[in-house]
Amino acid sequence: MLPSTEPLDRFYSVIPAGGIGSRLWPLSRADAPKFLHDLTGSGQTLLRATWDRLAPLSGEQRIMVVTGRAHRAAVEEQLPELADLNVVLESEPRESTAAIGLAAAILEKREPDVIIGSFAADHVIKGHHLFRQAVAEAVRAADAGYIATIGIQPTEPAVGFGYIKTAGALHIAGAASALSVDSFVEKPDLATAQDYLANGTYFWNAGMYIARADRLLEEIGASEPELLAGLLELAEAWDTPRRGAVVDRVWPRLKKIAIDYSVAEPAAARGRLAVIPGQFDWDDVGDFASIAKIHANGRKRDLAILGDGARVLADSSSGIVVSHTGRMIALIGVEDIVVVDTPDALLITTSANAQKVKAVVDALKLSGSNDVL
């Protein structure tokens with residue numbers, strides 16, 4: 001039997017499109033964040049690919065995008081189908097609980113029995129039929145009252161991801177693969193990651209959350225009652241002429257906290273978190289080593305080259321070159337190199353050190369070099 005292609009019942013997709021992707025500096029900047037780039041060579045930005053992946057699950061009129069005011073024009077250019085009432089603008093970043101929680105509060109007020117799914121704007125997923133199957137099971141688990149997340153089956157001992165330690169089966173109707181969660185684990189060292197991979201009960205935390213909107217808000221309220229009060233005040237005014245004044249007053253006061261800490265971990269501790277194993281290919285494109293891996297298709301000795309008009313001469317070299325200057329770049333006998341050449345900044349590192357690029361961005365902020373951020 002072919003899988004259904006109809007939208008999932010009562011389901012609303014939410015795309016948080018925020019953050020600059022600091023580990024992808026100097027390609028990703030405050031005015032051109034990661035989700036607005038084509039990092040796969042598909043001809044689509046990551047945001048557009050996310051929309052196309054979610055539209056069959058919820059329908060185009062049931063996708064909400066939460067993004068910064070500065071990115072509204074670029075987002076709407078990428079997503080001309082996006083309904084105006086489904087654009088939620090942040091005046092400043094307040095972390096994922098505020099972004100996803102506000103979407104949940106707005107949608108719950110409009111449609112009290114709605115089930116929402118939050119999916120980052122800047123991830124790469126292959127195997128859309130497997131993705132749909134996982135989301136469909138997560139929706140069933142959410143309807144049963146759980147906060148559901150999709151854990152990715154590890155394929156290597158990755159140290160750049162957080163992990164989810166699972167326990168036993170939950171036996172939820174329509175969600176046969178749903179597992180309970182023992183704990184969340186922060187990014188491990190290599191030896192620990194190797195143990196996780198061999199253990200078989202650990203999944204990568206991809207940050208995908210599916211829940212009834214009212215249950216999600218209930219979990220936020222249990223751990224962060226003041227934050228929930230602010231979100232409900234915003235939602236009450238959202239579809240009224242009072243929105244602007246209330247946003248300007250309430251939004252800057254909301255606590256900055258990731259949804260992993262405000263919702264997922266407390267829900268797991270109470271036995272109210274379900275994880276659906278995802279069998280599809282997934283990458284958060286978290287650094288330049290990830291991009292190189294995507295383009296090399298697993299061939300570590302390949303050199304990935306990105307950028308319109310990139311001019312690269314390479315001999316016995318591997319890694320990735322991203323060029324937006326048109327100048328000639330010659331590589332001779334270098335392995336796993338990362339070169340990112342932009343008009344006002346040049347990054348040279350190695351794949352093994354790609355995660356450390358964020359520290360460069362932090363140092364630039366401290367030095368006041370905001371012109372290149």
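## Getting to know this structure

S316 is exposed, with a relative accessible area of 54%. That is a handy place to start in what is a predicted model.

- You'll find S316 in the loop between β13 (311-315) and β14.
- Its backbone stands out too: phi of S316 is near 55 degrees, a positive value in a residue other than glycine.
- For background, most residues other than glycine have a negative phi.
- According to UniProt, in an unreviewed entry, residues 312-364 carry the annotation "domain: MannoseP isomerase/GMP-like beta-helix".
- Over that stretch, residues 312-364, the chain is 49% strand and 15% helix, and the C-alpha atoms at its ends sit 28 Å apart.

**The four-stranded sheet**

- Four strands make up an open sheet in the order β12-β14-β16-β17, and the pairing is mixed.
- The edges belong to β12 (303-306) and β17 (345-350); each has a single partner strand, so one side of each is left without a neighbour in the sheet.
- Neighbouring strands here are turned by 5 degrees against each other on average, ignoring direction.
- Strands β14 and β16 (residues 337-342) run parallel and are joined by 5 bridges.
- As one example from that pair, I320 has V338 in β16 as its bridge partner.
- Helix α10 (residues 288-296) packs on the sheet and touches β12, β14, β16 and β17. The direction of α10 makes about 105 degrees with that of β14.

**A closer look at S323**

- S323 belongs to strand β14 (residues 319-323).
- Is S323 buried or exposed? With a relative accessible area of 0%, S323 is buried.
- Setting aside neighbours within four places in sequence, S323 is in contact with L306, G307, D308, A310, I329 and D341.

**Helix α3**

- Helix α3 takes in 16 residues (95-110), which at 1.5 Å a residue should span 22 Å. The end C-alpha atoms of α3 are 23 Å apart, so the two values agree.

**Salt bridges**

- The structure holds 23 salt bridges, and three of them get a visit here.
- The background is simple: side chains of opposite charge can pair when their charged atoms come close.
- R48 and D52 form one of these bridges, with their closest N and O atoms 2.8 Å apart. Both residues lie in helix α1 (residues 46-58), 4 residues apart, which is about one turn of the helix.
- Within that pair, R48 is buried at 14% relative accessible area, whereas D52 counts as partly exposed at 31%.
- D84 pairs with R72, and here the closest N and O atoms are 2.6 Å apart. This pair links distant parts of the chain: D84 is in the loop between α2 (72-78) and β3 (87-90), while R72 is in helix α2, 12 residues apart.
- D84 is exposed, with a relative accessible area of 55%, and R72 counts as partly exposed at 28%.
- R215 and E219 meet through their side chains at 3.0 Å, N to O.
- R215 is buried at 7% relative accessible area, and E219 is buried at 3%.
- Salt bridges with shared partners tie R215, E218, E219 and R270 into one network.

- The peptide bond from W25 to P26 is cis, with omega near 5 degrees. P26 is in the loop between β1 (11-17) and α1.
- As a rule, most peptide bonds are trans.
- H171 has a positive phi of about 60 degrees, although it is not a glycine. Look for H171 in the loop between β7 (163-169) and β8 (179-185), where H171 counts as exposed at 73% relative accessibility.
- Where does G271 sit? Its place is in the loop between α9 (259-269) and β10 (273-278), and G271 counts as partly exposed at 41% relative accessibility.
- G271 and D182 are 89 residues apart in sequence, yet their C-alpha atoms are 8.5 Å apart in space.

Conventions: Residues numbered from 1 in each chain as written. Predicted model: local features only at pLDDT ≥ 70, side-chain atom pairs only at ≥ 80, totals over all residues. Heavy atoms only, no water. Helix = DSSP H or I, 4+ residues; strand = E, 2+ residues; numbered from the N terminus. Expected span 1.5 Å × (residues − 1). UniProt positions renumbered as here; feature names shortened; annotations may be inferred. Buried < 20%, exposed > 50% of the residue type's maximum accessible area, 1.4 Å probe, protein only. Contact = heavy atoms within 4.5 Å. Pairing = 2+ DSSP bridges. Axes fitted to C-alpha atoms, helices over the stretch in contact; angles between N-to-C directions. Salt bridge = Lys/Arg side-chain N within 4 Å of Asp/Glu carboxyl O.
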